[in-house]
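Here's a quick tour of a fold, written for someone who likes knowing where the cut-offs sit. Have a look at the model first, then read on.

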Amino acid sequence: GRELIKSLEYHTMPVNVVRWSPDGRMLASGSDDAMVHVYARAKRSVLGDAENAEHWGRYMLLRGHTADVLDLSWSPDGATLAS
């Protein structure tokens with residue numbers, strides 16, 4: 001079955017799109033709050049966490065959109081994110 005391993009709770013409005021970077025090390029999300037959040041997986045673990053818990057943190061916040069963010073696309077090398 002499926003199991004929730006991490007909830008990322010920075011957006012203030014519904015999320016429209018979530019895209020993994022090509023190497024799987026970053027995750028980007030776009031929302032009706034007109035923002036893009038980019039998350040990176042942390043290399044540390046916290047004592048007492050479940051064995052399968054993942055540790056993600058916000059790496060970057062991209063502001064400046066004037067409307068809902070409806071789609072995102074990473075370049076093949078993962079260096080560029082288009083919104």
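First, the ground rules. This is a predicted model, where local features need pLDDT of at least 70 and side-chain atom pairs count only at pLDDT 80 or more, while totals for chains, interfaces and linings use all residues. Residues are numbered from 1 along each chain as its sequence is written, and side-chain values use heavy atoms, with hydrogens and water left out.

**Overall make-up**

The chain has 0 helices and 6 strands, giving the pattern β-β-β-β-β-β along the sequence. Here helices (H or I, at least four residues) and strands (E, at least two) are DSSP runs, numbered from the N terminus. Of the 83 residues, 25% are buried, where buried means under 20% relative accessible area, exposed over 50%, and partly exposed in between (1.4 Å probe, protein chains only). The chain exposes about 6100 Å², with carbon and sulfur atoms supplying 50% of that; the areas come from the Shrake-Rupley method with a 1.4 Å probe, and for residues only the protein chains shown count as cover. Among contacts (heavy atoms within 4.5 Å) with a separation of 6 or more, 46% link residues 24 or more positions apart.

**Strand pairing**

Two strands pair if DSSP finds at least two bridges between them.

| Pair | Sense | Bridges |
|---|---|---|
| β1 (residues 15–20) and β2 | antiparallel | 5 bridges |
| β2 and β3 (residues 36–41) | antiparallel | 5 bridges |
| β3 and β4 (residues 56–62) | antiparallel | 6 bridges |

For landmarks, Val18 sits opposite Ser29 in β2, and Met26 has Ala40 in β3 as its bridge partner. Ala40 also partners Gly57 in β4.

The β1 and β2 hairpin has 5 residues between its strands, and Gly24 there takes a positive phi near 75°. In the hairpin of β2 and β3, with 4 residues between the strands, Ala34 has a positive phi near 65°.

How much of β2 is buried? In β2 (residues 26–31), 5 of the 6 residues are buried, so the rest of the structure largely encloses that strand. β3 is also largely enclosed by the rest of the structure, because 5 of its 6 residues are buried.

**The core**

The largest nonpolar core has 7 residues: Val17, Ala28, Val36, Val38, Val69, Leu72 and Trp74. Such a core is a set of buried Ala, Val, Leu, Ile, Met, Phe, Trp, Tyr and Cys residues joined through side-chain atoms within 4.5 Å.

Leaving aside neighbours within four places in sequence, Leu72 is in contact with residues including Val17, Ala28, Val36 and Leu81.
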